[in-house]
Amino acid sequence: MPAKRIVVLTAEIVLLVLVFLIIIGPMMSLFIWSVAHRWYWPNTLPQEVGFEYWKQALGLRTSLAIGAISIIPAFFLSLSIAIVVVMISMLIAIPAGYALAKYRIPFGPFIMFLFLMPNAFPQQPIFVNLLYIFTRLGLAGTVKGVVLVHILVGLVFGVWITSATFRSIPSYLEEAARSVGAGKVYTFFHITLPLAAPGLLASSVFVFITSLDEFTGTFFIGLPFVNTLPMTLYSSSGYNMQFASVIAIILLIPSILFMTLVQRVLRAEYVGGMG
Amino acid sequence: MSRKKSFLVVFMLFAVVGFLVMAGQKDSEAAPVRVVYMTAGDVNMLALGQNVLGPEFSKKYPGVSLMTVHTGPGDAGSRLIFEKLSAEADSKKETWDVDVAMVHQMFMKWATGKDLLLPYAKELSTWKYITSPFAKSSLGISVEGFVMPMFHSQTALAYNPDYVKDPPKTYAELVEWAKRNPRKFGYNGIKGGMSGVAFTVGWVNWKTGKYEKYAVTGPFDKAEIATWEQAYKDLGEFNKLVTITGGNVGTLDALNRGEIWMGPVWVDMFFTFMNEGKLDPKTRMVLPEPGMPGQPMYFVIPKKATHAEEAKKFVEFVTSPETQAKEIVMRFNWYPGIDGSHLKGAIPPETFNKIYKDVTPADLSKKGQAFPLSEYFAAMLESYEKWIK
Amino acid sequence: MEANRTRRRELSLPPYLLLIFPAVTFMFLMYGYPFLSSIFRSFINPQGEFSFDNYGKTVDLYLKDIGFTLAVTALSTAVSAALAILLAVYLRLRQNPISRALAALYKIPIFIPFVVVAQMMNSFLAPHGILNLALAKLKLIDLQDPLQLFNFYGLTFGFVWKMIPFSALIIHGGFQMIDNSYIEAARSCGAGLVRVITRVLVPMNRSSILVALVLVYSQIVGTFTLPYMLIGGKIPTTITVDIAHRINYFRDFGVANTLGVFSYLLVLITAIYYLRSSVKKMTGYQASEA
């Protein structure tokens, strides 16, 4: 093996180890806290470990001693809201992204910026105002209201990423199809969409995660009847590290599953598309 | 293509299930009378409500269930409850979502003049057990009849006895200690947690000596603010000797990790952390002279609560001597909201000794201060920002 | 022929109007009114009159914090973008077991909400936290004088930790659309790695990189939980922490909204840059059509 190859390979391995440490390092505290029963200075590791907090969180046991509650209902609620949010958001984001990419819309860049605003402007003052409006409309404390809020904050990922995706599809491909007689709609569904699939799916993953993790708006609008997982997390964050860590780990699971599912399909599509 | 289609089918299935679950959520609202209880404070309040108070309450009053909702720790939690009630008042709804709430003192200041609350307290059978002035006045505002204290909390300095052999008994001694042990005292300034705010207020009370005027008698005199300049400059100097933590939990965490050896804490958080294995059992507390503030948490009932009668029964239940003794004092090691003398006999001596070991009832009555009148309070917070850069 | 097609597209208003109508209307309805109300409130002083009092107070008390927020955001965005591009380039150009492992690994922080990242960083970066304990075990530092990371540096680390995977995912997605033939063509012309990056990969992927930059920047400006847990009450702190403080202790929506306006202006800076280059690209696109 030529020397250069060895150097490059070693460099890659070093990079992998470094990235591993940087990513897993902070996460270690999460894992350790989720099983810590007693942990205080000067021990580097907990004095006492166990799955007590996990059992409480999963509703397998109820006791008051540790301030933890069952999170199963909140978990399923968060999940279902996220799925509905993704569906509705992508339904309105994909056409918008396509239009913004392919057409020269007056104030186009301004419209793009419009979607950015809920994330750019600090959320607390805005959501307080929204609470008042929603209460008047009878939407406060309802699932409908929370879904609307999630779409509000997730739409930026829907529109921006899809529009960037569509923009990078060279237009000559579409025009080639059109020049052999394909209609606009047919071209879109059989040429543009498959090519854009990776970007569109990435976009929906982000909307999903945003909804699953959304806290501030849900907090203001959802109380008292809508309780999502991030709200339970916020309740215990800082105060109850163990419980918070358990919730955090549980929050990871649907997102990672969603992502893997999407990647599986992606790979198949890619192979199919290239072939 | 077929894999894509199957993925789509799975996705649709998911969505259908999702819709069903969400629809199911709505149906569960049509239960027997459901009292909506919104509480600020620690997450223990959520567990307390869901696992203990709820079932016990339902046992006593069959057909009534309790739904506990937690709005977050600190004044931010009370803030949210206020915004919620305010929005409902604004919308002119006939009946409001929240039936009973547990809030901090600051809430009462925001709620005055807004006609949000029901004057229910004197109707309860447990009203006679309340003797503390906190039930009648909050930050200088008269709240008599609108609140029932659920429990009382006090701030004090927690310290690690291994490293602090001779804990300071006064603020002045603390300053000397900090000079000898730089960076080993920690508090969170005035942002991020009330323990730091309490420490600052105690500092101002110490330096000016005018606690009575600022917290009890008043009146609010704008000219007083200018006299605090030196006190804050001294505090700025003191800050150079200490560690600034992120908040209430930040201070406790730093103590836990041995980064600091002393810091102001809320007594109830202190015991909770210890019970949950996050604080070394040998940690102790001291209440320095001339004193540090404490505050109760109040039960309030919104004016147009849907289930006001059941809400009153609930508050009566939690403020009864049995519940106060069993849950508040014995389970959580908190100071009761009702007069402690009514609980004598109900609390075993070990618990009594544990809670009152470092901060005795005598300490509490002598050095347990109230937070200042709301205008002074706001001025103290702003002065910190103004004079300490 | 081409010119006709272009003109036809410009004149045919209905198609794109219909396409963007739902999304845009939704934003105006849901966000427009609360947002304008916020800006309006920033001009109302505690007495209820229209004035600039709030702005004066904000500048007096919080100018340092505004500067701090700008510095952290700009640095975090720049570092995240640079490292993300490098990471994306690596993943684009190498296909072996190591790069596949890296591809799976780097995505993890994306799934961790900021609230949890705040928790983790609090425990990891503390003076006696996991990082310092590990470094002490390796004898690299002394535990009596550990790395102090509850400040600008720790905050930047937290942001970068969360944002590099996010940017890398978007930028890598863009790179994947660049056909291998372009890279091979460049290589065969004798271009080295650096040239390939700067002359082929980055320019062809402008839109994705720009999207990543702006999204990262605005997310950082609006984040509350991470600065709150790491820095909290210290001075200086970020705008979001100050806003929470103003609302929670004083119910001072005037100053809170004013701080919000400043934050909005901070984002506007990047946005203007993005919008300008977008418009340029649009006109360039049209030109190449004709």
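**Burial, contacts and confidence in a predicted complex**

Modeller: Of the 275 residues of chain A in this predicted model, 55% count as buried. Residues are numbered from 1 along each chain as its sequence is written, and chains are lettered from A. Because the model is predicted, local features need pLDDT of at least 70 and side-chain atom pairs pLDDT 80 or more, while totals for chains, interfaces and linings use all residues.

Biologist: Which elements make up chain A?

Modeller: Chain A has 11 helices and 2 strands. Helices (H or I, at least four residues) and strands (E, at least two) are DSSP runs, numbered from the N terminus.

Biologist: What makes residues of chain C and chain B count as in contact?

Modeller: Their C-beta atoms, placed from the backbone, lie within 7 Å; therefore 22 residues of chain C are in contact with 21 residues of chain B. The largest share of that side of chain C, 7 residues, comes from α12(C).

Biologist: Which helix of chain C has the lowest mean pLDDT?

Modeller: On the predictor's per-residue confidence scale, from 0 to 100, helix α1 (residues 2–11) of chain C has the lowest mean, 49, among the elements of chain C. Chain C averages a pLDDT of 80.

Key. Contact = placed C-beta atoms within 7 Å. Buried ≥ 20, exposed ≤ 12 C-beta atoms within 10 Å, placed from the backbone.
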